[in-house]
Amino acid sequence: MRIEEFFYVAGDADCLDVLGAVRDTMALFKVGYAGLWPAAARLSELKENCILVTTASRYDSNEVTVDITIHYHKLNGDLTAAVTNRESRRLSPGNARNNEGEDIPGLCRRLARLIILTLMRKITGSNPGPWGILRGVRPTKIVHRLLDLGCHQSEIPEKLRADYALEPSKAKLIADIAVHQRPIIACRDNPPQSRKVSVYIGVPYCPSRCLYCSFPANVVPERREQLDAFLRAITKDIESAAQLVAQYNLAVESIYVGGGTPTSLSADDLSKLLQLVKSLFWGAQTQELTVEAGRPDSISDEKIAVLRQHKINRVSINPQSMQDKSLKQIGRRHTVQDIIDTFGKIRQAAIPVVNMDVIAGLPGETVADMEDTMRQLAALKPENITVHTLAIKRGSQLKDSLDAGLIAGQALPDETTTQEMLTVAADYTTRMGMQPYYLYRQKYMTGNLENVGYALPGTDCLYNIQIMEERQTIIGIGPAAGTKAVNSNNWRLQSCYNAKDVATYIKNLEIYLSERNTLLSRLYGDSEED
C-alpha cells in the first residue's frame, strides 16, 4: 500500500511532544507530514494515500507509556477503524530515567518511533531497512553506553532488537565492532591515562569532482597566489593548534591528512605540509599518520617518494570501483590499471598500511560488478578495505543529475541489490582475514544501510575509530574541519567548525582560531584530568 502523507493529532492525555519522532520514522517510509488534523474534521474526509496518526503519552514515577493509533484506507478504498499499539517501559526507582540513563522525553520519543515502525510495516507490508528506528550516524555509541553500564556483550544484540528494532545481523555487527574497539577507546574498562587527542588536517582540493561527492573539494587553483593564500592560512592554523597541544600538554595519538585529496598538491607543497605536521604533532605517543591519496590521477612517483621520506604509515587509495565503466561514469580521470599500478608503487615504498575504499550502489553497477571489484582488491591484498553505501547527497552532481533527469533512477541499484553487494564485500573481507572495526551511517543512503571499515588484525585506523566513537578530542585544521572537545568524565562534547568555503576560511581564520582556543581552554585550562 502506497502512503504519501500523514496528518497528526495529539490526544488529550499527551504530555510530551512526539511529533518529531513520528516525522522521523515516517520519513523512512517516504511519507511526508501534511499538518495537524483539523479539530472539526471527520475521519470520512481522510483522503486515499493519507493516514491520520493520533498519539497519547503518559508517565508517572514508575512508568512511561505511549499509545499510537493510525487510521488509514484499505486497498479497496473503504476506511478501516484503526490499528493501535502501546509501548511501556519502567523507570528506575526515584529517578526520572530508565536503567540505561534515558530521560523521559527521550524514552517517549523512542517508544513512539518503535510503534510507528511496527504499525507502518503492518499497513504497508514493507520494511524500510535493517536498522529499525536508528537514523544516527554512530550506532556503535549505543553499544558502548550499554557496555559502560555493565551490560554483558551477549545480551546486547537482543536488547538492540527490542529497543531499536534492529535486524539480528545488524545488531550483532555493531555489538561485535564495539567489543573490538574497547581496548582502543577510553571507556570504563580502559580509562584515559593521558590527555590523548587526534588531529585532522583538511586539504580541500581534488583533481576533479566525483559524481557522488558533496564534500567541500575544489580543483587546485591555476593561479599560484590563490594556492599560496590557502597554504599560508593552513600553516597558521597548524601552528596555532600545535601551540594548544604544547600549552595543555596534550599527546597526539593519530594524525589524519584528508580532504579533498591532499596529494592533489604538488610534491614540493605536499612535502612542506607533511614536514610541518610531523615536526609539530608527532610525539612519543603518536602511532599513526594517514594521508588520503585517494585518486591515482593525483599521485606521481615524486609524491610517493615524499610519503616515504616523511615515513607516512597509512595511505588511503580509494578506487570506489574496479570497473572502468563506473570510473568513467563517476567522473574519474583514470583507469583500473592506473589503480593497480599506483598500489604497486605504494607497496614498493614500504608504507605499512594501505586502505582502499569501494562504494556499493554506484549507477549501472551489478552484484557481479561488486564481485569482480572485490576479487581484484583481494588480489592486491590491502590491509584495510572500507565499504561505503552510495548516499545521494544534496549538493552532489549525482543528486542534481537525477533531479534533472540526466541520469535515470533505474540506473541506480535498488535496495536489495545494494544489500547483496555489501554481503559480497563482507564475505570477501572475511576470506581475506579482515574483521569489521568501525561503522557509520549517513542520510540519504540507499536502503538506509551503512559504511563499514574492515582491517587485518593490528591495522585498525585509530583515527577512524576515535572520530566515530567520540571518546577522544579531535583537533580540526583547515576548511570544513571541526574540533570536538570531549570531556572524558561524562563523554559530553562541544564543537566548533571552520567554514567550508576556502575564501571564507582564509578571511575569517582568526575567528576560527579564537573559537578553538576558547573551546580547548574550557576543557583543559582548568581540568584536573591526567
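Biologist: What makes Lys170 count as buried?

Modeller: Buried means under 20% relative accessible area, exposed over 50%, and partly exposed in between (1.4 Å probe, protein chains only). Lys170 has a relative accessible area of 6%, so it's buried. Before we go on: this is a predicted model, where local features need pLDDT of at least 70 and side-chain atom pairs count only at pLDDT 80 or more, while totals for chains, interfaces and linings use all residues. Residues are numbered from 1 along each chain as its sequence is written, and side-chain values use heavy atoms, leaving out hydrogens and water.

Biologist: Where does Lys170 sit, and which residues does it touch?

Modeller: Lys170 is in helix H5, residues 168-181; helices (H or I, at least four residues) and strands (E, at least two) are DSSP runs, numbered from the N terminus. Not counting residues up to four places away in sequence, Lys170 touches Pro130, Trp131, Gln419 and Glu450, where contact means heavy atoms within 4.5 Å.

Biologist: Why is Asn448 called partly exposed?

Modeller: Its relative accessibility is 23%, so Asn448 goes into the partly exposed class. Asn448 is in the loop between strands E14 (435-440) and E15 (451-455), and its phi is near 50°, positive in a residue other than glycine.

Biologist: And Gln320, buried or exposed?

Modeller: Buried, because its relative accessible area is 8%. Gln320 also has a positive phi, about 70°, without being a glycine, and it lies in strand E11, residues 314-320.

Biologist: What makes a set of residues a nonpolar core?

Modeller: The members are buried Ala, Val, Leu, Ile, Met, Phe, Trp, Tyr and Cys residues joined through side-chain atoms within 4.5 Å. The largest such core here has 133 residues, with Met26, Val53, Ile70 and Phe281 touching the most other members. Helix H2 (residues 104-124) gives the most to this core, 12 residues. Leaving aside neighbours within four places in sequence, Ile70 is in contact with residues including Met26, Val53, Ile116 and Met120.

Biologist: How do you describe the packing of H1 and H2?

Modeller: Helix H1 (residues 19-28) packs on H2 at about 35°, with the axes 8 Å apart. Those axes are lines fitted to C-alpha atoms, for helices over the stretch in contact, and angles run from 0 to 180 degrees between N-to-C directions. H1 contributes Ala21, Val22, Asp24, Thr25 and Met26 to the contact, and among the H2 residues are Arg109, Ala112 and Ile116.

Biologist: How do you know which strands stand at the edges of the sheet?

Modeller: Two strands pair if DSSP finds at least two bridges between them. The open sheet has 5 strands in the order E2-E1-E3-E4-E5, with mixed pairing. Strands E2 (32-36) and E5 (83-90) each have a single partner strand, so one side of each lacks a neighbour in the sheet and they stand at the edges. From one strand to the next, the twist averages 25°.

Biologist: How many bridges join E3 to E4?

Modeller: There are 8, between E3 (residues 50-59) and E4 (residues 63-71), so they meet the requirement of at least two bridges and count as paired. The two strands run antiparallel, and Thr54 has Thr69 in E4 as its bridge partner. H2 packs on this sheet too, touching E3, E4 and E5, with its direction at about 30° to that of E4.
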